[in-house]
Amino acid sequence: MTQAKRPGLAIAAIAVISFSLLPILWQLFTSFKTNDAITTIPSVYFPNLQQLTLSQYTSLFEQQPFLRYIFNSAFVAIVSTLLCLAIGTPAAYALARLKLPGENLMLALVTLVTLFPYILLFLGLLELVRFAGLGNNYLALLVPYTAINLPLTILVMRSFFQQLPRDLEDSARVDGYDTGQMLVQILLPMTAPALVTTGILAFIFAWNEFIFALSFISEESMKTIPIAAAQIGGASTYEIPYGTIAAATTIGTLPLVVLVLAFQRKIVQGLTAGAVKG
């Protein structure tokens, strides 16, 4: 690479990073601003110490059970993610290694479901939830979240299983491992990047999902963070509590940022390796 191109690439990288991070930083600063600083014209981009406060966060937890909302989001996201991995991993192994009748048709259907807009399932799921009496029940969210994320889990895990040499499985069978033991003790540790990648994608979807949680859950104690943040209101009809809303969205985003930063290497490995061979 020539010396003349390097400054241009650096400037382009800074521009892209700034374009991506500035809205996030603006939201973060807003969550710490006083109400006067938020409504000041012209806008205060970099507040001073007198314009900073923690009252937006304290009021968030004092005025509503926000800890309960965090628990609800975490419970639904974690359980649905574990269900996706527990169901999708054996299914992916079966599609990768076993000669099943109609295998190509099953793969085509899984791929089709992955591409299908999940929002189109809303009316059908609403009728099923009413019929089964699952309103204001965690199952009303766990079942659709698991079903929606399952096809992607199967496709990614199948791609990884296909890349593993069959000699490992043959050696394990010679040593007396059955299929379940071989899958859990030998193959799954080798597919950790795929497990992390699909798990985080499933977790992010369940954590951020809005339409199903808004429609199937009306009880205050069972609402998730996206619904709670969307329903934050001011003291009057015409007042918009920008600071409190910014604090709620910051708290809702923080676990996802920590999760991605903690597993970023495995996510990159999972995405790159899963895209090489399918």
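The protein chain holds 14 helices and zero strands. Helices (H or I, at least four residues) and strands (E, at least two) are DSSP runs, numbered from the N terminus. The model is predicted: local features need pLDDT of at least 70, side-chain atom pairs count only at pLDDT 80 or more, and totals for chains, interfaces and linings use all residues. Residues are numbered from 1 along each chain as its sequence is written, and side-chain values use heavy atoms, with hydrogens and water left out. Along the sequence, the pattern reads α-α-α-α-α-α-α-α-α-α-α-α-α-α. The C-alpha atoms of the protein chain fill a box of roughly 70 × 65 × 35 Å, taken along the principal axes.

Helix H5 spans residues 103-115 and helix H7 spans residues 139-163. Their axes come within 8 Å and cross at roughly 125 degrees. Axes are lines fitted to C-alpha atoms, for helices over the stretch in contact, and angles run from 0 to 180 degrees between N-to-C directions. Angles under 35 degrees count as roughly parallel, over 145 as roughly antiparallel, 65 to 115 as roughly perpendicular and the rest as oblique. H5 passes H7 in a left-handed crossing. A crossing is left-handed if the near helix is turned anticlockwise from the far one by less than a right angle, and right-handed if clockwise. On the H5 side, the contact involves Glu-103, Leu-107, Val-110, Thr-111, Val-113 and Thr-114. These meet Pro-151, Leu-152, Ile-154, Leu-155 and Arg-158 in H7. The contact of H5 with H7 comprises seven nonpolar, two polar and two charged residues. Contact means heavy atoms within 4.5 Å. Ala, Val, Leu, Ile, Met, Phe, Trp, Tyr, Cys and Pro count as nonpolar, Asp, Glu, Lys and Arg as charged, and the others, Gly among them, as polar.

H5 and H7 also take part in the largest pocket, each supplying at least two residues of its lining. About 290 Å³ of space lies in this pocket. Its lining has 14 residues. Val-113, Phe-116, Tyr-118, Ile-148 and Asn-149 lie nearest the centre. H7 gives the largest share of the lining, seven residues. By class, the lining of the largest pocket has twelve nonpolar, two polar and no charged residues. On a 1 Å grid over the protein atoms alone, a cavity is a set of points where a 1.4 Å probe fits but cannot get out, and a pocket is an open set with protein on both sides within 12 Å along at least five of seven lines; lining residues have an atom within 4 Å of a point. Grid points are joined across faces, edges and corners, and a volume is the space filled by probe spheres set on the points.

By this rule there is one cavity of 30 Å³ or more. The largest cavity contains about 30 Å³ of space. Ser-73, Val-76, Tyr-145, Ala-206, Trp-207, Glu-209, Ala-213, Thr-224 and Pro-226 line the largest cavity. Helix H4 (66-97) and helix H10 (192-208) are the elements that give two or more residues to this lining. Six of the lining residues of the largest cavity are nonpolar, two are polar and one is charged.

Helix H8 (residues 166-174) packs with helix H9 (residues 179-190) at an angle of about 140 degrees, their axes 10 Å apart. H8 is therefore oblique to H9. The crossing of H8 past H9 is right-handed. Leu-168, Glu-169, Ala-172 and Arg-173 in H8 meet Thr-179, Met-182, Ile-186, Leu-187 and Met-190 in H9. Six nonpolar, one polar and two charged residues form the contact of H8 with H9.

Leu-188 also lies in helix H9. Leaving aside neighbours within four places in sequence, Leu-188 is in contact with Thr-89, Phe-161, Leu-183 and Leu-195.

The remaining pair is helix H3 (residues 55-63) and helix H13 (residues 242-262), packed at an angle of about 80 degrees with axes 8 Å apart. H3 is therefore roughly perpendicular to H13. Gln-56, Tyr-57, Ser-59, Leu-60 and Phe-61 in H3 meet Gly-243, Thr-244, Ala-247, Ala-248, Thr-250 and Ile-251 in H13. The contact of H3 with H13 has six nonpolar, five polar and no charged residues.
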